[in-house]
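Student: Hi! Could you walk me through this model?
Tutor: Happy to, let me put it up.

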Amino acid sequence: MEIERKYLISHPPSDYTSFPHHLIEQGYLSTEPVVRVRREDDTYYLTYKSKGLLAREEYNLPLTEESYRHLIKKADGHILTKKRYLIPVKGSDHLTIELDVFEGRFEGLMLAEVEFPSLEEAEHFLAPDWFGEDVTFSGEYQNSRLSRQP
C-alpha cells in the first residue's frame, strides 16, 4: 500500500542539490489502471497502481534493460524525466521528502512527495515551510495525468 502526500514546490531549500538523488525516466502503458515502466538510475521496473489519491495499492516488478527499452517505446503520451532528491524530514527518523525536479517538457515543475507508514500519520503531517499547495487530493499532478497533457 502506497500512502503519500504531494505538494507543489516553488521555492525549494537552497541546498536541495546537495542531497542524494536519482535520475528517473518513465512512461505509461495505461493510465486506467496505471501501468508504468520506469528507469531509475540503472534499475528498471514495471509498476501497477490501483485507483486512489492519498492511498492506493502499488506493485513493482523488476525488468531487464532490454525489456524496459522495448516497453518504453509503447508508452502513451509524454515520457517524463526528472531528478528525485531525497531529503530527510526534520524531526522524523523515518520520513523522507522526495523532491522531483522535472526536466524536458515539464522543466520548471517541482513536486514533493512524502510516503507514510499509516493513514493516521499522513493525515497529521505538518509540511515544512517551503512546501507549497497540497495537491494530494486534486489528482492534477499525478505523473500519469501529466503524461497525458496535450
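Tutor: One term to begin with: a nonpolar core is a set of buried Ala, Val, Leu, Ile, Met, Phe, Trp, Tyr and Cys residues joined through side-chain atoms within 4.5 Å. Buried means under 20% relative accessible area, exposed over 50%, and partly exposed in between (1.4 Å probe, protein chains only). This is a predicted model, where local features need pLDDT of at least 70, side-chain atom pairs count only at pLDDT 80 or more, and totals for chains, interfaces and linings use all residues. Residues are numbered from 1 along each chain as its sequence is written, and side-chain values use heavy atoms, with hydrogens and water left out.

Student: Great. Which residues touch the most other members of the largest nonpolar core?
Tutor: Those are I9, I97, L99, V114, F116, F125 and F131, out of 19 residues in that core. Two or more residues come from each of β1 (2–8), β7 (76–88), β8 (96–103) and β9 (110–115). Strands (E, at least two residues) and helices (H or I, at least four) are DSSP runs, numbered from the N terminus.

Student: And what is I9 in contact with, beyond four places in sequence?
Tutor: L99, M110, L111, A112, W130, F131 and G132. Contact here means heavy atoms within 4.5 Å. There's also a second, separate core of 11 residues, which includes Y28, F106, V135 and Y141.

Student: Switching to the sheet: what's the strand order?
Tutor: The order is β5-β1-β9-β8-β7-β2-β3-β4-β6, an open sheet of nine strands with antiparallel pairing. Two strands pair if DSSP finds at least two bridges between them. At the edges, β5 (55–56) and β6 (58–63) each pair on one side only.

Student: How many bridges join β2 to β3?
Tutor: Seven, and the two strands run antiparallel. They form a hairpin with two residues between them. β2 also pairs with β7 in the antiparallel sense, over seven bridges.

Student: Where does helix α1 lie?
Tutor: α1 (residues 65–72) lies across β2 (21–31), β3 (34–40), β4, β6 and β7, at about 50° to β2. That angle is between N-to-C directions on a 0 to 180 degrees scale, with axes fitted to C-alpha atoms, for helices over the stretch in contact.

Student: Last one: is E115 buried or partly exposed?
Tutor: E115 sits in strand β9 and is partly exposed, because its relative accessible area is 38%.
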